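Thanks for coming, everyone. Please have the structure open.

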Amino acid sequence: MKKIKIFSFLLGLALLASCNFLEESSPNDIAVEDAITDGASAEAAVLGLYSAMQQPGYYGETYLLASGGHTDDAVTGGYQSLSLDQLGSRAVTGANVITEDLWIAVYRVIANANYLLEGLSEADDLDTAAKNHLEGQARAIRALAHFDLLRYFGEHWDNNSQFGIPLIQTVQGISERPGRSTVAATYQFITDELNKAAGLLDASQKDIQFINTNTVNALLARVYLYRKDLSKAAEYATKVIDSGDFSLLDAATYTDVFNTRLSSESIFELAFDNQNRSGYNGATYSRDDAIRSELSYMAAQDLAVFFTSRPGDVRADLLNFDPAENDATIIPDGRTHKYRGEESRDNSAYIIRFAEMYLIRAEARGRNSGLADLNLIRTQRGLAELSAADVPNDAAYLQAILDERRAEFNFEGHRYFDLARTRQVNAVLGIENFRGIMPIPNRELTANEALKQNPGYVN
């Protein structure tokens with residue numbers, strides 16, 4: 001994926017407009033007309049968006065791992081790392097460096113997308129279809145970034161909440177101080193952007209390393225599920241399922257999802273290489289004899305207990321709690337094997353996988369119509385089907401869905417958001433009045449008086 005290594009083209013452009021308002025000026029600020037002047041520079045700018053998504057603070061490591069360290073899936077390690085300790089003890093503050101870096105990294109991607117969308121008109125040598133395809137990718141990435149921020153920092157489970165996120169739709173000047181939008185307005189912007197993207201993308205493009213029509217439909221399915229628009233969530237999940245472009249691996253080959261590149265289960269996979277490494281292996285495995293202090297995220301003993309109630313589930317094979325294969329400092333916790341490859345450390349970011357579409361549709365359709373989708377995932381992973389009697393009411397069915405999502409997506413950045421959106425954070429994690437989102441970073445509040453902190457947090 002050599003093209004993705006074009007990292008610096010637009011990254012500097014975003015420093016002024018990354019929602020980090022402590023910078024009074026940026027020596028890297030470049031006028032849009034100087035950055036995008038033709039088709040070649042516009043295409044490079046789009047590649048720069050994917051490169052920006054690979055930052056350690058975003059899909060290079062943090063986004064898919066940090067929230068798990070806040071749940072029953074993972075425990076945190078590190079050597080005298082206050083920010084990691086806060087995640088593991090579920091006591092994150094506005095001074096947490098990990099969540100602060102995540103905020104900056106994701107808004108940097110948004111700023112890059114805004115520069116591109118404003119400058120794209122200068123690419124006069126591109127035909128309309130080619131230009132539309134570039135615009136569609138930029139809009140979809142901008143929508144995904146806003147949704148990712150909403151899940152971390154906004155009350156995404158409540159459409160009536162005032163605590164959405166700042167919507168950044170244009171190139172920002174240094175004096176601009178955007179406030180928070182409502183959750184409803186944030187969702188509306190995200191779905192509008194994705195629908196616009198769907199109308200712009202070239203439907204013949206199917207490379208799963210880049211945004212395409214399937215990616216957008218899958219994102220819409222996910223967003224509508226969070227928004228509680230269940231009919232649309234099922235509709236868009238069905239579009240992906242019926243596309244014929246993906247297939248589930250069976251129990252015997254399931255681990256190939258993580259041991260190979262670009263499997264038939266990947267819908268959007270952000271790939272790295274050994275010159276352009278991700279942080280997943282170092283954060284979760286590192287080496288065979290790694291000690292607790294050198295790992296950031298380890299598999300919690302609670303996850304081992306969870307899988308003991310699921311005999312035959314092949315997804316347990318990607319977790320190792322064996323005292324003979326883990327340093328004594330790690331026991332009774334363990335490690336995930338989803339991100340092996342200690343030499344190359346070029347593990348992909350699995351942003352959207354095909355199994356999620358079945359689980360979204362199973363949840364959206366409910367127990368009367370969705371059980372077949374839930375059972376399809378179960379049987380492909382070595383488990384028996386559930387009968388209607390096994391899920392006699394909606395609460396039991398939702399629990400079965402959440403259990404399947406936990407088994408399928410641990411260490412892939414879903415658990416914390418699943419508990420928050422279904423309002424089970426307090427009950428599952430056993431903390432009274434535990435907040436389902438992270439605090440807005442203090443430095444952003446200091447620099448921007450229009451921003452308000454999330455409820456329950458002290459600035």
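Let me start with the second largest pocket: α9, residues 213–227, and α16, residues 394–409, each supply at least two residues of its lining. A word of caution: this is a predicted model.

Which helix gives the most to that lining? α16 does, with 4 residues. The space in the second largest pocket is about 270 Å³. Its lining has 13 residues, and the closest to the centre are L230, E363, L398, R421 and T422. By class, the lining of this pocket splits into 6 nonpolar, 2 polar and 5 charged.

Take the largest cavity, with a volume of about 80 Å³. It is lined by 14 residues; G68, D73, N410, F411 and R415 are the closest to its centre. Two helices, α4 (62–65) and α16, each supply at least two residues here. α16 gives the most to the lining of the largest cavity, with 3 residues. The classes in this lining are 5 nonpolar, 4 polar and 5 charged.

The second largest cavity has a volume of about 40 Å³. Its lining is Y59, Y63, L64, R151, R222, I351, E412, G413 and H414. Those residues divide into 4 nonpolar, 2 polar and 3 charged.

Hold on to F411, from the lining of the largest cavity. F411 sits in the loop between α16 and α17. Most residues other than glycine have a negative phi. F411 has a relative accessible area of 6%, so it is buried.

Q80 also has a positive phi without being a glycine, near 50°. Q80 is in the loop between β1 (74–76) and α5 (82–88). Is Q80 buried or exposed? Its relative accessibility is 69%, so Q80 counts as exposed.

One more backbone point. I331 and P332 are joined by a cis peptide bond, with omega at about 10°. In general, most peptide bonds are trans. P332 lies in the loop between β4 (319–320) and β5.

On to the rings. How many aromatic pairs are there? The count comes to 21. One of them is F354 with Y358: edge-to-face, 5.2 Å centre to centre, 75° between the planes. Why about one helical turn between F354 and Y358? Because they are 4 residues apart in helix α14, residues 354–365. Both F354 and Y358 are buried.

Compare Y416 and F417. Their ring centres are 6.0 Å apart and their planes are at 50°, so this pair is tilted. Y416 and F417 are both buried too.

Y416 and F417 also belong to an aromatic cluster, whose other members are Y58, Y59, Y63, W103, Y107, Y152, F153 and F434.

Charges over rings come next. R406 lies over the face of F306, 4.8 Å from the ring centre. R435 puts its charged end over the ring of Y457, 4.0 Å from the centre.

Where is D418? It is in helix α17, residues 415–421. Its relative accessibility is 3%, so D418 counts as buried. Beyond residues up to four places away in sequence, D418 touches Y226, L402 and R405. D418 and S247 are 171 residues apart along the chain, and their C-alpha atoms are separated by 24 Å.

Then H337, in the loop between β5 (335–336) and β6 (349–353). H337 has 16% relative accessibility; the cut-off for buried is under 20%, so H337 counts as buried. Which residues does H337 contact, leaving aside neighbours within four places in sequence? Y285, L318 and N320.

To recap, α16 gives the most to the lining of the second largest pocket. α16 also gives the most to the lining of the largest cavity. That's my tour; over to you.

Terms used: Residues are numbered from 1 along each chain as its sequence is written. This is a predicted model: local features need pLDDT of at least 70, side-chain atom pairs count only at pLDDT 80 or more; totals for chains, interfaces and linings use all residues. Side-chain values use heavy atoms; hydrogens and water are left out. On a 1 Å grid over the protein atoms alone, a cavity is a set of points where a 1.4 Å probe fits but cannot get out, and a pocket is an open set with protein on both sides within 12 Å along at least five of seven lines; lining residues have an atom within 4 Å of a point. Grid points are joined across faces, edges and corners, and a volume is the space filled by probe spheres set on the points. Ala, Val, Leu, Ile, Met, Phe, Trp, Tyr, Cys and Pro count as nonpolar, Asp, Glu, Lys and Arg as charged, and the others, Gly among them, as polar. Rings of Phe, Tyr and Trp (its six-membered ring) pair if their centres lie within 6.5 Å; planes under 30 degrees apart count as stacked, over 60 as edge-to-face and the rest as tilted. Buried means under 20% relative accessible area, exposed over 50%, partly exposed in between (1.4 Å probe, protein chains only). A charge sits over a ring if NZ of Lys or CZ of Arg is within 6 Å of the ring centre and within 35 degrees of the ring normal. Contact means heavy atoms within 4.5 Å.
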